[in-house]
Amino acid sequence: MHELSCPSCNASAQYELKNYLLMCPFCSTTFAVDLATGRKDIQADHFIIPNAFDAAQIRNLVFRWLKRMHSDPKNVEREYAVTNVSGYSIPYWIISLEAHTVWKGLIKRQKISLAEFSPSPYILETGQFRRNYRWAISARHNICEHWELVQLHEPKEPVRVAWDGFPLDSTLSRGRIDAATGVKTSKEDLEAELPAYNVREYFEFKYSNGLPILAIEVHEEEALRRAKQHVDLYHLAIASMNVDIPIDICSELEIASVQLIHLPFWHVQYIYRPSNLLRFFQKSDQKNVIIEGYSGGVLKSELALVQQDKIRINAIVCLIAAIMAGFCGVVWHFAFFLVALFFLAVSATSFYLAASKNQKKELANSALSMASDPAAKLGTTG
Ligand SMILES: [Zn+2]
């Protein structure tokens with residue numbers, strides 16, 4: 001920690017110089033320091049999207065969400081417990097850009113008879129599209145420091161996301177609980193609600209409304225470079241959907257502006273403690289939910305009881321039934337052995353199904369890590 005005076009209000013305070021930008025705790029001015037010359041440069045384009053929630057409201061929101069996801073909403077209060085609620089105001093570089101993509105590739109002919117006139121079973125197609133984004137890049141070095149914040153982009157297209165940046169507007173407008181249930185917010189209210197970007201304020205500590213403000217570690221140039229890479233990869237994936245064999249896909253990016261914005265996020269952990277028989281078979285793992293602190297949208301979530309767990313529980317229950325029937329067969333009547341055999345078969349099938357589902361999940365995960373490896377990416381598109 002080093003003592004520096006603020007270039008705006010002149011008050012001195014302690015600063016961590018390894019951070020890229022420093023924030024004055026008195027007047028909220030953001031500035032960079034050149035360690036060699038001592039020169040201080042004020043960063044004017046620093047904003048914050050105010051956090052609109054407190055921990056109790058977030059807890060209620062998670063229960064509303066759980067009720068929506070649960071087949072029996074009446075039991076939610078009894079069976080679920082929120083174990084941890086923590087919020088952060090996290091810095092993001094927001095790069096406003098327009099991307100123009102031109103693509104060329106081959107499409108397989110539908111009718112074989114047409115191919116008789118041509119030696120190739122493929123036809124050449126070209127096209128282009130243009131899109132605008134406010135692309136968000138985390139200004140934290142460790143993008144994995146909070147659960148699943150590393151993959152917030154959920155594109156409308158069926159493409160596999162292998163990047164950590166995300167478009168601000170579509171991300172901070174999804175997953176709203178009231179919008180889906182129609183409980184509180186009417187359609188008109190929702191349409192009247194401004195995009196998060198429009199409610200940003202010039203950065204001041206007070207707008208985090210109690211959330212810790214995380215430091216700015218990543219340089220603007222790096223953020224710009226990463227945003228370009230992400231949009232390139234995204235547009236490559238979109239364009240590839242048009243053709244069977246891509247030949248040439250080229251994106252040109254026009255950067256309109258770069259701003260720094262602190263965004264509010266909440267991380268909630270909960271456990272599921274079923275009140276029925278399930279409780280003996282279900283381990284109460286911590287499950288995670290990520291909520292944005294502007295309008296309370298659920299951005300990422302884990303459900304307590306997945307299909308695979310249910311199959312596994314079924315396997316255990318059937319195994320116990322088989323053992324009991326087998327015991328009855330020994331002490332009572334031979335026919336119980338047939339019942340035992342039946343339960344044993346069901347149990348074995350369930351174990352097999354649960355195991356194969358697990359394997360599929362692992363395969364999907366390894367495919368994802370392959371996709372984020374540039375060398376593997378080249379291999380799949382080349
Ligand atoms: Zn100051």
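**Note on the predicted model**

1. Start at H267. Its side chain makes a polar contact with the side chain of N288, at 2.8 Å. The model is a predicted one, and the distances here are computed from it. H267 sits in strand β11. With a relative accessibility of 12%, H267 counts as buried.

2. What else is H267 in contact with, leaving aside its neighbours within four places in sequence? The list is N84, V85, S86, W147, N288, V289 and I290. Take N84 from that list. N84 and H267 are 183 residues apart along the chain, yet their C-alpha atoms are separated by 7.9 Å.

3. Now the chain as a whole. There are 10 helices and 13 strands. Of the 382 residues, 40% are buried. Consider contacts between residues at least 6 apart in sequence: 71% of them join residues at least 24 apart. The accessible surface is about 21200 Å². Carbon and sulfur atoms account for 56% of that surface.

4. Next, the largest nonpolar core. It holds 34 residues. Which of them touch the most other members? They are W93, I95, W135 and I216. Four elements each supply at least two residues: β7 (80-108), β8 (122-138), α7 (220-240) and β11 (245-272). Helix α7 gives the most, with 7 residues. Domain 1 (1-44) and domain 2 (45-305) both contribute, so the core lies between them. As a general point, nonpolar side chains tend to be buried together in soluble globular proteins.

5. Neighbours within four places in sequence are set aside here. I216 is then in contact with N19, Y20, L21, M23 and T30, among others. The list also includes H46, P91, W93, A139, L260 and H262. W93 is also one of the core residues that touch the most other members.

6. Helix α1 covers residues 55-69. D54 caps the N-terminal end of α1. A side-chain oxygen of D54 lies 3.2 Å from the backbone nitrogen of A56. Buried residues in α1 are I58, L61, V62, F63, W65 and L66.

7. R176 is a buried arginine. Its relative accessible area is 14%, and the cut-off for buried is under 20%, so R176 qualifies. R176 is found in the loop between α4 (168-171) and α5 (177-181). Where does its side chain reach a backbone oxygen? At L172, at 3.4 Å. A second polar contact, of 2.8 Å, joins the side chains of R176 and S295.

8. Two asparagines have positive phi. N10 has phi near 70°, a positive value in a residue other than glycine. N10 lies in the loop between β1 (2-5) and β2 (12-15). N10 is exposed, with a relative accessible area of 59%. N209 is not a glycine either, and its phi is about 45°. N209 lies in the loop between β10 (201-202) and α7. At 45% relative accessibility, N209 counts as partly exposed.

Note on methods: Residues numbered from 1 in each chain as written. Predicted model: local features only at pLDDT ≥ 70, side-chain atom pairs only at ≥ 80, totals over all residues. Heavy atoms only, no water. Core = buried A, V, L, I, M, F, W, Y, C linked by side-chain atoms within 4.5 Å. Buried < 20%, exposed > 50% of the residue type's maximum accessible area, 1.4 Å probe, protein only. Domains from an automatic or database assignment. Contact = heavy atoms within 4.5 Å. Expected span 1.5 Å × (residues − 1). Polar contact = N/O pair within 3.5 Å; in protein donor to acceptor, adjacent residues only side chain to side chain. Areas by Shrake-Rupley, 256 points an atom, 1.4 Å probe, with all protein chains shown as cover.
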